[in-house]
Amino acid sequence: MRTLITTAFVSLDGVVEAPGGEEGYRNAGWTFKDIEFLPEAYELKGREQDEAAAMMMGRVSYQAFSPVWPTMTEDFAGFNALPKYVVSSTLSDDDLVDNWGETSILRSLDEVAALKATEGGPIIVHGSATLNRNLSDAGLIDRYHLLVFPVLLGAGKRLFSDSDVDKSTLKVLESESYPNGIQKLVYDVVH
């Protein structure tokens with residue numbers, strides 16, 4: 001069985017929208033504005049590239065990442081080489097870029113569950129706020145890799161849904177605080 005890992009930059013109030021500066025969100029780029037860059041706070045991101053066997057994302061994140069990430073050969077070489085799974089009911093094969101390696105479209109959470117049941121290494125979910133909420137509500141996420149930033153953003157897409165679901169218990173695997181206020185939190189979901 002494969003491990004499904006959600007990785008996210010998240011504000012203290014749970015917002016994950018536009019951390020890198022994507023257009024259309026008033027607080028875009030919040031991970032880099034007014035927060036001192038400390039390489040050690042991002043060590044987890046490098047480790048993810050080394051440990052992941054595949055990437056997963058929703059349609060919106062795929063359409064945002066696919067024009068940019070393939071050209072970022074220094075920063076994202078590990079991720080660029082991985083097989084990719086896009087969860088979408090509307091994307092077609094003709095919508096996929098041809099310079100970002102093997103990419104498959106999954107049409108439902110049932111297909112995600114079937115993929116998880118196969119042999120192979122961890123699958124890491126990038127971006128994809130809506131997909132993450134749906135995966136969490138369906139009990140499909142096994143681990144969270146969170147870098148929590150010392151900001152309150154108010155409005156914005158959130159990592160966790162407000163659906164009326166049963167409680168999920170998490171087990172801390174790693175936690176660390178950095179002088180710039182970022183908190184690394186790695187949790188396993190207790191199934």
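This note goes through the pockets, aromatic rings and salt bridges of a predicted model.

1. Ground rules. Residues are numbered from 1 along each chain as its sequence is written.

2. The largest pocket. It holds about 1300 Å³ of space. (A pocket is an open set of points on a 1 Å grid over the protein atoms alone, where a 1.4 Å probe fits, with protein on both sides within 12 Å along at least five of seven lines; lining residues have an atom within 4 Å of a point. A volume is the space filled by probe spheres set on the points.) Its lining has 48 residues, and Pro 19, Glu 22, Phe 65, His 126 and Gly 127 lie nearest the centre. Strand S1 (4–11) and helices H1 (43–51), H2 (59–65) and H5 (129–137) each supply at least two lining residues. (Helices are DSSP runs of H or I, at least four residues; strands are runs of E, at least two.)

3. The second largest pocket. About 300 Å³ of space lies here. Its lining has 18 residues; Ser 136, Tyr 144, Asp 166, Ser 168 and Val 189 lie nearest the centre. H5, strand S7 (169–177) and strand S8 (183–190) each give two or more residues to this lining.

4. Aromatic rings. There are 9 aromatic pairs. (Rings of Phe, Tyr and Trp, the last by its six-membered ring, pair if their centres lie within 6.5 Å; planes under 30 degrees apart are stacked, over 60 edge-to-face, the rest tilted.) Trp 69 and Trp 100 have ring centres 6.2 Å apart and planes at 80°, so they pair edge-to-face. They sit in distant parts of the chain, 31 residues apart. Trp 69 is buried at 9% relative accessibility. Trp 100 is buried too, at 1%. (Buried means under 20% relative accessible area, exposed over 50%, partly exposed in between, with a 1.4 Å probe and protein chains only.)

5. Salt bridges. The structure holds 8. (Each is a side-chain nitrogen of Lys or Arg within 4 Å of a carboxyl oxygen of Asp or Glu.) Arg 47 meets Glu 43 at 2.8 Å, N to O. Glu 43 is partly exposed, at 37%. Asp 142 bridges to Lys 116 at 2.9 Å. Both Asp 142 and Lys 116 are buried.

Terms used
This is a predicted model: local features need pLDDT of at least 70, side-chain atom pairs count only at pLDDT 80 or more; totals for chains, interfaces and linings use all residues. Side-chain values use heavy atoms; hydrogens and water are left out.
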